Amino acid sequence: KFKDSTTVMTELRGTTLTLGGAHGATDDVIVLSPGGGVSIQDSSNDKVVVDSDGVTITENNQVRAIFGATSVIGSAGGAVTATSVDDCIRIEDGTITIFQENNNKAIVNSSGFEVVQGGNSVSKFGTTVRIGEDGESHVTFSSTGSEFFDGDGSTSRIRILNDGQMNIRDSDGNDRIRLNNAGLTVGADGQSHVAISPTGSDFY
C-alpha cells in the first residue's frame with residue numbers, strides 16, 4: 001500500500017492494482033486487473049473500461065458506448081449492447097446503421113445508403129437510386145436513365161433513357177407515347193396511332 005498520511009492512495013492486492021485509493025474503491029480511481037482490464041472510474045456508475053473486448057463507456061450505470069468488433073454509440077434513452085437497435089449508431093464489419101428503432105433506420109454499406117421507415121425501404125442510393133417504396137409508386141435513376149413506376153411497384157409508366165428515348169405508358173405497361181431518334185409515335189402499335197418522323201407523318 002502507498003499512503004498519504006493515513007489515506008491509502010495506491011494498493012496492490014494479488015494481481016489487482018488500484019491507483020487513487022484502496023483495493024475495492026470505486027470513486028476517482030484507476031483499477032488494473034488481469035480479468036477486468038483497465039477501469040478508469042469517476043464512480044462505479046460512471047467509468048471507462050478497456051479490456052480484450054474493446055472499450056466500454058458507462059454513464060449513470062448505463063452503458064452508453066461500446067467500441068470493439070462491433071461498436072455501438074447510444075444516448076440517454078437506455079443502455080446499449082452489441083446488438084442494440086434503439087436510439088443508437090451501430091458500426092459492424094461492412095455496415096453502419098443509424099437506429100431510431102429497428103423499423104426506422106438508415107443503413108450504409110457497400111451497396112449504398114438505404115432509408116427504412118415503418119419497416120419499409122422508402123429510398124435507396126447506390127448504383128441505382130430509388131425514391132419511394134419498392135412495391136409501391138417509386139422513381140429510379142441509374143446510369144442509363146430514369147423510370148417512374150405505378151402503384152403496383154412494377155409497371156413502368158414513364159421511362160427516359162440517356163439515348164434520348166422516352167416512353168409514356170398506360171396502366172398495363174403499353175406504350176402510348178414513344179419518342180426516340182426516329183420520331184414521335186402517339187398511340188399504341190396495333191391500334192389507331194400517329195407516327196411523326198423527320199420525313200413526314202403517318203396516321204394509322
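**View 1. Phe-113 in strand S13.** Phe-113 belongs to strand S13, which spans residues 112-117; strands here are DSSP runs (E, at least two residues) numbered from the N terminus. With a relative accessible area of 32%, Phe-113 is partly exposed; buried means under 20%, exposed over 50%, and partly exposed in between (1.4 Å probe, protein chains only). The model is predicted: local features need pLDDT of at least 70, side-chain atom pairs count only at pLDDT 80 or more, and totals for chains, interfaces and linings use all residues. Residues are numbered from 1 along each chain as its sequence is written, and side-chain values use heavy atoms, without hydrogens and water.

**View 2. Surroundings of Arg-64.** Arg-64 lies in strand S8 (residues 62-67). Arg-64 counts as buried because its relative accessibility is 13%. Beyond its neighbours within four places in sequence, Arg-64 is in contact with residues including Ile-57, Glu-59, Ile-73 and Val-80; contact means heavy atoms within 4.5 Å.

**View 3. Strand S21 between its pairing partners.** Strand S20 (residues 175-180) and S21 pair in the antiparallel sense over four bridges, and a hairpin of two residues joins S20 to S21. Pairing requires that DSSP finds at least two bridges between two strands. S21 also pairs with strand S22 (residues 194-197), in the antiparallel sense over three bridges. Val-186 of S21 is the bridge partner of Ile-177 and stands opposite Val-194 in S22.
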